[in-house]
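Open the model in your viewer and keep the selection panel at hand. Each stop below says what to select and what is there.

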Amino acid sequence: LRHLLTPEGLPRDVLLHILDTAQGFVSFGSREVKKVPLLRGKSVFNLFFENSTRTRTTFEIAAQRLSADVFNLDIQRSSTSKGESLLDTIANLEAMDADVFVVRHSDSGAPFLIAQHTPPHVHIVNAGDGRHAHPTQGLLDMYTIRHFKGDFSNLTVAIVGDIVHSRVARSAIHALTTLGAAEVRAVGPKTLAPDNLRDMGVRVCHDMAEGIRGADVIMMLRLQNERMSGALLPSAHEFNMTYGLTPERLSLARPDAIVMHPGPINRGVEIDSAVADGPRSVILDQVRFGIAVRMAVLSIVASAESQA
Ligand code: CP
C-alpha cells in the first residue's frame with residue numbers, strides 16, 4: 001500500500017491487516033507513550049488546508065510515536081496565500097526530503113492529484129478530501145466497531161444524518177460492505193440521504209424509528225453546513241426534532257448498541273448530551289483508537305517504498 005487515498009476498492013485482507021497492525025499500537029490503562037522506531041529518519045508533513053482538531057492532532061501524535069520527524073505546515077501563513085499552487089507547494093516540500101504527506105483539502109480529489117505527481121519514494125495519506133473520502137476515519141470507525149462488537153457479519157449499522165455531504169459516511173460504507181456487515185442503513189431526510197445511496201449497497205430509511213430499530217451500531221453525523229446550499233439546509237431545530245438521537249430514540253436500538261460520532265458533535269442538534277455522554281457512547285474511544293490506526297497506516301505506507 002504505497003498511498004492511502006480511499007477505502008473504496010481496498011481488499012478485505014488489506015483492511016484487516018491495517019486493523020490488526022493498529023491493535024499492536026493500542027495501549028490500555030496507561031498514559032505511558034509507547035514510542036517505537038519504525039519511522040526513525042522519516043519526515044511526515046501534515047498539510048491541513050481545511051480545519052481539524054482530531055485528525056491533525058492524532059496524526060501528529062501517531063507520527064511522533066513512530067519516531068518520525070513531524071512538520072505541520074501552517075497553511076494560513078504559508079505561501080499558498082501568495083498564489084503558490086498545491087503542486088508547487090508539494091514539490092518544494094519534497095525538496096526538503098518529505099517522505100509522507102498527510103493531506104486534508106476541501107477539494108475532492110486533491111490527495112489523488114498529489115499522488116499522481118510525486119516520486120515513488122513519497123507517500124500520500126488522505127486526511128479527508130471534500131465530500132469524497134476520509135479513509136483513516138473509516139478505518140478507526142471499523143477498529144472501534146470490531147473492538148466493541150467483534151465480527152462484522154451479524155451487525156446492523158445505522159448511519160444517521162447528513163450522509164450526502166459526508167466523506168466519513170462514504171468511507172464507512174465502503175469499509176463496512178467490504179468487511180461484510182449484515183446490513184448498513186443510511187438514515188435521514190431525502191435531501192441528505194437520497195435514495196440513490198442504494199447504489200452503494202445500503203438500505204435507505206427516511207424514517208428515524210425504522211432506521212435505528214434493532215441496530216447494533218448507530219453512527220451519528222453532523223449537518224455539514226459548509227458543504228450545503230441553502231435549499232438543502234434543514235434548521236438545527238427541525239433536524240433535532242426529526243432525527244436527533246435522544247435517549248428515547250436510542251431505546252429502539254439493541255440494548256447493547258453503541259453510539260458513534262466522528263466529531264465535532266453539535267449537542268442538541270444531531271445528538272443529545274444525555275446520549276453523547278451516556279454509557280453507550282464510544283465517541284472518545286474512536287478518538288483514542290485513531291492514534292493507533294494512524295500509526296498503523298503511516299507505518300504500512302512508509303514501508304512500501306520498494307513496491308513503487
Ligand atoms: N473526525 C474528524 O475528521 O474530525 P476533525 O475535523 O476534527 O479532524
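Domain bounds, as used here, come from an automatic or database domain assignment. Residues are numbered from 1 along each chain as its sequence is written. The model is predicted: local features need pLDDT of at least 70 and side-chain atom pairs count only at pLDDT 80 or more, while totals for chains, interfaces and linings use all residues.

**Stop 1**

Domain 1 gives 21 residues to the contact and domain 2 gives 22 residues; two residues are in contact if their C-beta atoms, placed from the backbone, lie within 7 Å.

Next, select helix 1 (12-23), strand 4 (123-129) and helix 11 (283-302), the elements that give two or more residues to the side of domain 1 that touches domain 2. Helices (H or I, at least four residues) and strands (E, at least two) are DSSP runs, numbered from the N terminus. That side of domain 1 is made up of 10 nonpolar, 6 polar and 5 charged residues. In this count Ala, Val, Leu, Ile, Met, Phe, Trp, Tyr, Cys and Pro are nonpolar, Asp, Glu, Lys and Arg are charged, and the others, Gly among them, are polar.

**Stop 2: the ligand**

Which residues are around the ligand? Select S52, T53, R54, T55, G128, Q137, P262, G263 and P264. A residue is near a molecule or strand if its C-beta atom, placed from the backbone, lies within 6 Å of it. This shell has 2 nonpolar, 6 polar and 1 charged residues. The ligand lies between domain 1 and domain 2, because both give residues to the shell.

Stay on P264, in the loop between strand 9 and helix 10 (273-276). The peptide bond that leads from G263 to P264 is cis, and its omega is near -5°.

**Stop 3: helix 6**

Now select residues 167-178, which form helix 6. Its 12 residues should span 16 Å at 1.5 Å a residue, and the end C-alpha atoms are 17 Å apart, which agrees; the expected span is 1.5 Å times one less than the number of residues.

Is helix 6 enclosed or open? Helix 6 is largely enclosed by the rest of the structure, because 11 of its 12 residues are buried. A residue is buried if 20 or more other C-beta atoms lie within 10 Å of its own, exposed if 12 or fewer, and partly exposed in between, with C-beta atoms placed from the backbone. Among the buried residues of helix 6 are R167, H174 and T178. To see what the buried residues pack against, show helix 1, strand 4, helix 5 (135-149), strand 5 (156-160), strand 6 (183-187) and strand 8 (217-220). After helix 6 comes G180, with a positive phi near 85°.

**Stop 4**

Strand 8 runs parallel to strand 5, to which 4 bridges join it; two strands pair if DSSP finds at least two bridges between them. Here A158 has I218 as its bridge partner. Strand 8 also runs parallel to strand 9 (residues 258-260), with 3 bridges, and M219 has M260 as its bridge partner.

**Stop 4: V187**

Move to V187 in strand 6. V187 is buried, since 28 other C-beta atoms lie within 10 Å. Not counting residues up to four places away in sequence, V187 touches A158, I159, V160, A193, C205, M208, G211 and I212. R203 is 16 residues apart from V187 along the chain, and their C-alpha atoms are separated by 8.4 Å.

**Stop 5: two loop residues**

Select S67, in the loop between helix 2 (54-65) and strand 2 (69-73). S67 is not a glycine, and its phi is positive, near 70°. S67 counts as partly exposed, with 15 C-beta neighbours inside 10 Å.

Then select D97, in the loop between helix 3 (86-94) and strand 3 (100-105). The phi of D97 is also positive, near 70°. D97 is partly exposed, with 13 other C-beta atoms within 10 Å.
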